[in-house]
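Dear colleague,

Please find the structure below, together with its sequence. My notes on its salt bridges follow.

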Amino acid sequence: MDINHDCQHLNQAVLEGDNQDSTNSATPMLETIRLRLDETTLDDSEEIFALFSNPKVTQFYDLGAFESIHKVREFINEEIRKQQNKQMLRWAIRDKMTLDYLGGCGVNHFESERHVAVIGYELCQEAWGKGIATEALEKVAEFLFSVACIHSVNRIEAYVMQGNTGSEMVLRKLGFIKEGVLRQHSYWKGRYHDLSLYTLLRDDWVNGNN
């Protein structure tokens, strides 16, 4: 399940090697009742490889299965580089008690001039239907609208493929408004895709939590 992971994600920049230090101090740790959100590290490579090998997970995703663990490590290192450069802000979603990897979520990219954060998430199939995505993204939204965020955010955007009713339900629960459908907005896996645009404004969040 996805809320638009940056469509150019693996096509940008030079990917670094497997031996890079995977500690990512650019990721603040967040906690909810059931979850811990923290940095994605190279230790998560096997879990991420398995996650993206599930066609049900990637059905509404712009990325397909990774060819190898080596490619996963390149992917993780590239995310770390972008986070250190304040281009994105992604978390690993973990069970708070066991620290098992459940998926990932966060900001795929910031548009700092417009005070916009574009978010996305992906969950292991075993975590579906348990409110995990809603719980994680609620905490992410709270952080993005706080003074602790690395960029000032007034508007959170989420792009959803047609038919991804699960993601749309999560967004509605959190107060996101559907602004419309962007026709043939993105291109991946050999075809164009219409994407629904959902948004949450700082004013929406403040008014909804008072």
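Arg155 is buried in this predicted model, because its relative accessible area of 17% falls under the 20% cut-off. The side chain of Arg155 meets that of Glu179 in a salt bridge, with 3.0 Å from N to O. Arg155 lies in strand E6 (residues 155-161) and Glu179 in strand E7 (residues 177-188), so this pair ties together parts that are 24 residues apart in sequence. Glu179 counts as partly exposed, at 45% relative accessibility. Both residues also belong to a network of salt bridges, in which they are linked with Glu111, Arg114 and Glu157.

A search of the whole structure finds 16 salt bridges. Two further pairs among them may be of interest to you.

One of these is formed by Lys96 and Glu31, whose closest N and O atoms are 3.9 Å apart. Lys96 is located in the loop between strand E3 (89-95) and strand E4 (101-111), and Glu31 in strand E1 (residues 30-31); the pair therefore ties together parts that are 65 residues apart in sequence. Lys96 is partly exposed, with a relative accessible area of 31%, and Glu31 likewise counts as partly exposed, at 37%.

The other joins the side chains of Glu135 and Arg34, at 2.7 Å from N to O. This pair links distant parts of the chain, 101 residues apart: Glu135 is in helix H4 (residues 132-144), and Arg34 is in the loop between E1 and strand E2 (35-38). Glu135 is buried, with a relative accessible area of 15%, whereas Arg34 counts as partly exposed, at 36% relative accessibility.

Yours sincerely

How values were computed. Residues numbered from 1 in each chain as written. Predicted model: local features only at pLDDT ≥ 70, side-chain atom pairs only at ≥ 80, totals over all residues. Heavy atoms only, no water. Salt bridge = Lys/Arg side-chain N within 4 Å of Asp/Glu carboxyl O. Helix = DSSP H or I, 4+ residues; strand = E, 2+ residues; numbered from the N terminus. Buried < 20%, exposed > 50% of the residue type's maximum accessible area, 1.4 Å probe, protein only.
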